[in-house]
Amino acid sequence: MANKGNPTASGPSNKSISPASMLAKLNLGATVQVSSLDGSLTYLTRLIGVDSNKVLITALPTPKQMKKESVDVVYDNIFFPEKVFVMRLIAQGYIFAFQSQVIAVNYSGSKLLLSSFPKNIQSQPLRSDARLPCALSASCHYKEQIFSAVITDISQGGCQIQFDPSLFSGAVDTLKDQILQLTLRFHPGAETEKLNTNVSSINKITNHEVTIGLSFVEAEPSVNHYLESLQLGELSSIFL
């Protein structure tokens with residue numbers, strides 16, 4: 001059972017590390033999930049900077065992330081000094097979880113959150129070979145044809161799609177070993193991504209349902225970022 005309100009509660013595969021150990025692994029641009037203690041606010045952002053082992057600098061959520069047209073006033077109401085947030089951060093193959101207090105909000109240029117560098121930190125290895133379940137709508141492009149499908153799971157090396165074969169004009173078996181381009185958005189409002197894949201397997205479930213295994217033609221940074229966000233989401237029950 002998860003320990004609510006304590007992001008540093010140890011799980012079977014979690015271990016405590018020193019602030020210096022995490023500092024040595026941090027990379028600018030690392031994926032960060034920020035959550036309020038009551039769970040009313042959760043958003044993904046990036047690590048912008050670190051001031052020694054005193055201050056973490058991350059980008060504040062956009063109006064779209066907060067579902068607001070303007071967040072100038074909301075920032076002050078939510079990100080006030082000494083308010084505590086839970087942060088989960090990915091760097092060099094590890095997920096770090098800790099609590100961080102708001103120090104200040106910067107409104108000059110980019111809107112930034114300055115928060116305290118943590119003292120108590122939990123770490124867990126990132127599952128780099130994980131195949132994670134998902135439900136992403138995608139348009140599939142094969143030669144002159146376009147048909148709709150749903151991505152049902154995804155990993156660094158490929159994904160699986162499910163679709164109605166009646167949407168494809170031709171024998172589905174002819175897709176084996178062919179190049180299929182997927183067009184999709186990993187998150188609502190995000191930029192459209194195009195992924196080139198190779199059809200590695202075809203499985204006919206029913207007359208109206210086919211699953212196809214796909215391997216990515218090349219490494220896709222957008223896929224890695226999406227996998228990171230999925231794994232951060234999985235850890236919410238552990239660290240909140």
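Two residues are taken to be in contact when heavy atoms of each lie within 4.5 Å. The structure described here is a predicted model, in which local features need pLDDT of at least 70 and side-chain atom pairs count only at pLDDT 80 or more, whereas totals for chains, interfaces and linings use all residues. Residues are numbered from 1 along each chain as its sequence is written, and side-chain values use heavy atoms, with hydrogens and water left out.

By the contact criterion, Q101 touches E82, K83, V84, L114, S115 and S116, when residues up to four places away in sequence are not counted. Q101 belongs to strand 6, which covers residues 94-106; helices (H or I, at least four residues) and strands (E, at least two) are DSSP runs, numbered from the N terminus. With a relative accessible area of 38%, Q101 is partly exposed, because that class lies between buried (under 20% relative accessible area) and exposed (over 50%), as computed with a 1.4 Å probe and protein chains only. The C-alpha atom of Q101 is separated by 9.8 Å from that of L56, a residue 45 positions away along the chain. One of the residues touched by Q101 is E82, which is placed in the loop between helix 2 (72-78) and strand 5 (84-91). E82 is exposed, its relative accessible area being 59%, and its phi is near 75°, a positive value in a residue other than glycine. Most residues other than glycine have a negative phi.

Taken as a whole, the protein has four helices and 14 strands, and 42% of its 240 residues count as buried. Among the contacts in the protein with a separation of 6 or more, 56% are accounted for by residues 24 or more positions apart.

Strand 12 (residues 179-184) pairs with strand 9 (residues 132-142) in the antiparallel sense over four bridges, pairing being assigned if DSSP finds at least two bridges between two strands. Within this pairing, L184 of strand 12 is the bridge partner of A138. Strand 12 also pairs in the antiparallel sense with strand 13 (residues 193-206), over six bridges, and there Q181 has N196 of strand 13 as its bridge partner.

Side chains of opposite charge can pair when their charged atoms come close. The structure holds three salt bridges, each defined as a side-chain nitrogen of Lys or Arg within 4 Å of a carboxyl oxygen of Asp or Glu. In one of them, R131 is joined to D153, with the closest N and O atoms 2.5 Å apart. This pair links distant parts of the chain, since R131 lies in the loop between strand 8 (121-125) and strand 9 while D153 lies in strand 10 (residues 145-154), 22 residues apart. R131 counts as partly exposed at 46% relative accessibility, whereas D153 is buried, with a relative accessible area of 14%.

A salt bridge also forms between the side chains of K204 and D173, at 3.6 Å from N to O. K204 lies in strand 13 and D173 in the loop between strand 11 (158-163) and strand 12, so this pair ties together parts that are 31 residues apart in sequence. K204 is exposed, with a relative accessible area of 52%, and D173 is partly exposed, with a value of 48%. In a further salt bridge, K176 is joined to D177, the closest N and O atoms being 3.2 Å apart. K176 is partly exposed, with a relative accessible area of 36%. D177, placed in the loop between strand 11 and strand 12, has a positive phi of about 70° although it is not a glycine.

The largest pocket contains about 870 Å³ of space. On a 1 Å grid over the protein atoms alone, a pocket is an open set of points where a 1.4 Å probe fits, with protein on both sides within 12 Å along at least five of seven lines, and lining residues have an atom within 4 Å of a point. Grid points are joined across faces, edges and corners, and the volume is the space filled by probe spheres set on the points. The largest pocket is lined by 24 residues, of which L44, Q65, H187, P188 and A190 lie nearest its centre. At least two lining residues are supplied by each of strand 2 (31-36), strand 3 (42-51) and helix 3 (221-234), and strand 3 gives the most, with five residues.
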